[in-house]
Amino acid sequence: MPRYLLTAALPYANGPIHIGHLAGCYLPADVFHRYLKAKGEDAILICGTDEHGVAITLQARKEGVTPQELVDKNFKVIHQAFEGLGIVFTHFSRTSREIHHREAQAFFLNLYNKGFLRENTTSQFYDPVAGTFLADRYLVGTCPHCGFDGAYGDQCEKCGTSLSPDELHSPRSVLSGSVPEKRETNNWFLPMDEMLNLPEFARYTERIARWKSNVKGQFNSWVQQGLQPRSMTRDLDWGVKVPLEGAEGKVLYVWFDAPIGYLSATKEYMELQGNPEGWRAYWESEDARLIHFIGKDNIVFHTLIFPMMLAAHGQMVLPWQVPANEFMNLEGRKLSTSRGWAVWLHEYLQDVPGREDELRYTLLCNLPETKDADFSWQDYQLRVNSELVAILGNFVNRVMVLTHKLSNGQCGELPPEDPSTAHGSLSLELASARKEIRLAMEQFRLREAMAGVIHLARLGNRYLADTEPWKLLKTDSEAASRVLRVAAELCAELCIALEPFLPFTSARLGGQLQWQISDQDREGWWNTGLGGAIGSSESRAFYLSNGHRLGEAALLFTPIEDEFIQAQVNKLSPMNDPKPENAPQLENDSKPKNDSQTEAAMKPEVSYDQFAALDLRIATILSAQSVPGADKVLEIKVSLGFEQRTVVSGIAQHFQPEALVGKQVLMLTNLAPRKIRGIVSQGMLLMAENPQGQLVLVGPTDNGILSGDRVS
Ligand SMILES: [Zn+2]
C-alpha cells in the first residue's frame, strides 16, 4: 500500500498569507490530503514557515525589529490564519528550529563528503560602507530587460525575470545606498550539470512525462538552457551556518535549506509522536509517494534542485508528483503586496467570521491549475449567491423543511429500484457524476471535482422538481415520504463528498441531518461506491435508517450583500480611499481621484506673494523605510546639502523604499512641521501622478543640480 508524503511550499515568514498563496498550493494540498484520508490512505501533510533569506532581514530592517522577532510574529499570524480556514497540516514547523538547523547541516555535510559541494572563489558585490557582501536582495539596480530601477540582485519584480547580480545596471547597496565594489569570496557550489546524470535522478525524470504540462515545460526549458554549477552558500549572518571550517560568516542558501524543512519537520513530528524512526517510512521506503504542492515560481527548486540533492544524498525518495499551479490574479491585475493589491486571509477571517467555506469554494472554482486565473469580489458574490445558496443550500433546505412538514423530520422507507422512475434516472446520473469526481481527484483536477460535487446537489434539485414532493404531501403522503427519503440520502452523500472541499459545510450539514460519517461510509464512497445507485446493492445501501429523525432545518449559506462586496473592493485600492484611518494631510490626499489633467482638478488662483512665500528646493533621499503599523507612509531622510531633514510621506503604496535611495526630489521645505505617526515631518516631497494612478518622482535626472538648490 502506498504511503503519501504531501508537502505544501513553506510559506515565507516575511508577511502574512493572501489568496494567491492559498490558490497556489495551500488549499489544493489541504483538499488532496483530506481526500486521501477519506479514502483511507496513509497520508501526511507537512509544512512550516521558511524563516531564512535576505527578504526576511530586509523586512525586519524595514519594520525596525530583529529577524527573529519578525519571524516569531509571522509564524503565529500564518499558522492561525491557516487554522482559521480549515487548512490542517499533520505537522507545521519552522526552519528556525534547532532540529532543522541540525538536519540541514547534516544534509549539507552528506553532500559535501560525497564531493557534491565544491568550494570555488568568485568575486561578489561588496558594500564597503556596511562592510558586508550583498547577497540576492541586498543589491538593487536597473533591470536590463524592462528598465525598472529597483530590480533585485536575484529577480526583477516588475517583469518577473530572474537575474544574476552582474546583469543589473547601476547596482547599489540596499543597506547604505552606496555603490558596491567587487571582492573575492569563497562559496560552495552544486555541480548541477554533472548531477543530471546521477542514475537516481535520471530514473526520476522519466516520471515527469506524465506531469502537468506547465511543470514539464519549465523543467525541460531549464535543462535545455544548460545547467551551471550553482552556489549553495551565502555571505550572510541570518540562516543555517555552513558547517565547515573556514566558513565563518556564511550560511546555507535559503533554497538549499528550505526544502530540507520538509524532512526536518517530518522528523520533528515523528519524534513528538514517540516514533523517532517513523520518518523513514515516508522518506526512504519504496512505497512512499512524495507530492509537492507549490506555485509556479517554485517549480525549478522542486523539480530540479531539491530532487538532485535527494538523489545525491542517497536512499531518499524523489518526487512522485509536483502538481504546481499557476498564479491567481486579483480583479484582473497581478497581486502585489507592496502596492496593497491583495486579499489577506487573516483580514478576511476577521471581516466575515463563519464564511470560511465561501472563500474556499470561490478559490477552488477558480484554481489556476492550467493557466493564470482571476479572483474578483463580484465572482465571489455570484458563486456564493447563485451556487452555494441557490443550488446546494436550497436543495438541503427543501429536503429538511419538507421532511419536517410531512413527518416531523422522520425518514420514511426507500423506494424499490426501478429504472423507469425519476428515482431510477437520478441513480444513473449520480453514478456517472461520482465517477467523474473521483477521476478528477486522481488527476489533480480539483476545480472539476469541486464543480462535480455541486452538480450532485443540482441533480437533487432536478429530482425534487420532477417528483414535486410538496404536491405529493397533500395527495400521496407515502409517495412523498419515499421521495424525501431518497433526497435525504443524497444530503448524507453530499456530506461525504463535500468534506475534503468545504469541511465546515460538511460538518454543519451532518449536524442538521443528525448523522455522523463513519470511516466505512467515507472509504466506501470515495473508493467503491462508484457505479451503484442509492439503495442498490452495488454501493452502500443507505446512510440513514428507516425512522431516522433529522435535526432542525437551518440555512447552510446566506446571500452576500452588495455593500460587503463594495467595501472589499474599496479596501483594495488606496486611490479610492482619500482619508485612510487617522490620515494626516499627505501629499496624495489632495489629489483628484482620476484624471489629474482635467480642468476640474485646477485649484483657485494664488498671488505672486503667496507663491514666493514657498521655499521649494531639490533634496536627495538618503534613506527610506516603512513605519511600523502604518502601511501607507514611509519615513524618509533627505539631504538639502546644508542640512538633513526627516519627512513622513504617504507614498508607501507606490515605491519600494530601497528604490528611492539616492533619488533627487522636489521638496517644499518651509511647510510647518507636523507630527505624523509619532514622527515629526519637516517638509513635503512633491510628486506627480501618472495616468495609471501611480505616483512618480518629478525632479532632475543627473543634470548637475545639487541638493539644496532653489527652485523658482
Ligand atoms: Zn525587469
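**Notebook: helix pairs and domains**

I began with helix 13 and helix 17, where V396, V399, L402, T403, L406 and S407 of helix 13 meet S477, A480, S481, L484, A487, A488 and C491 of helix 17. I sorted this contact by class and found 9 nonpolar residues, 4 polar ones and no charged ones. I keep in mind throughout that the model is predicted.

Next I looked up the geometry of this pair: the axes of helix 13 (residues 377-407) and helix 17 (residues 477-498) come within 10 Å and cross at roughly 145°, and the crossing in which helix 13 passes helix 17 is left-handed.

I then turned to helix 14 (residues 422-442) and helix 15 (residues 446-467), whose axes come within 9 Å and cross at roughly 175°. Angles over 145 degrees count as roughly antiparallel, and helix 14 and helix 15 are therefore roughly antiparallel to each other. On the helix 14 side I noted contact residues including L426, L430, A433 and I437, and on the helix 15 side G452, V453, L456 and L459 are among them. By class, I recorded 12 nonpolar, 3 polar and 4 charged residues for this contact.

Last, I checked the domains, which the domain assignment gives as domain 1 (3-108 + 249-325), domain 2 (350-528) and domain 3 (584-697). The C-alpha centres of domain 1 and domain 2 lie 34 Å apart, and 16 residues of domain 1 are in contact with 22 residues of domain 2. Which helix gives the largest share of the side of domain 1 that touches domain 2? I found that helix 1 (residues 19-39) does, with 10 residues. The residues on that side of domain 1 divide into 10 nonpolar, 4 polar and 2 charged.

Definitions and conventions. Residues numbered from 1 in each chain as written. Predicted model: local features only at pLDDT ≥ 70, side-chain atom pairs only at ≥ 80, totals over all residues. Axes fitted to C-alpha atoms, helices over the stretch in contact; angles between N-to-C directions. Helix = DSSP H or I, 4+ residues; strand = E, 2+ residues; numbered from the N terminus. Parallel < 35°, antiparallel > 145°, perpendicular 65-115°, else oblique. Contact = placed C-beta atoms within 7 Å. Nonpolar A, V, L, I, M, F, W, Y, C, P; charged D, E, K, R; others polar. Left-handed = near helix turned anticlockwise from the far one by under 90°. Domains from an automatic or database assignment.
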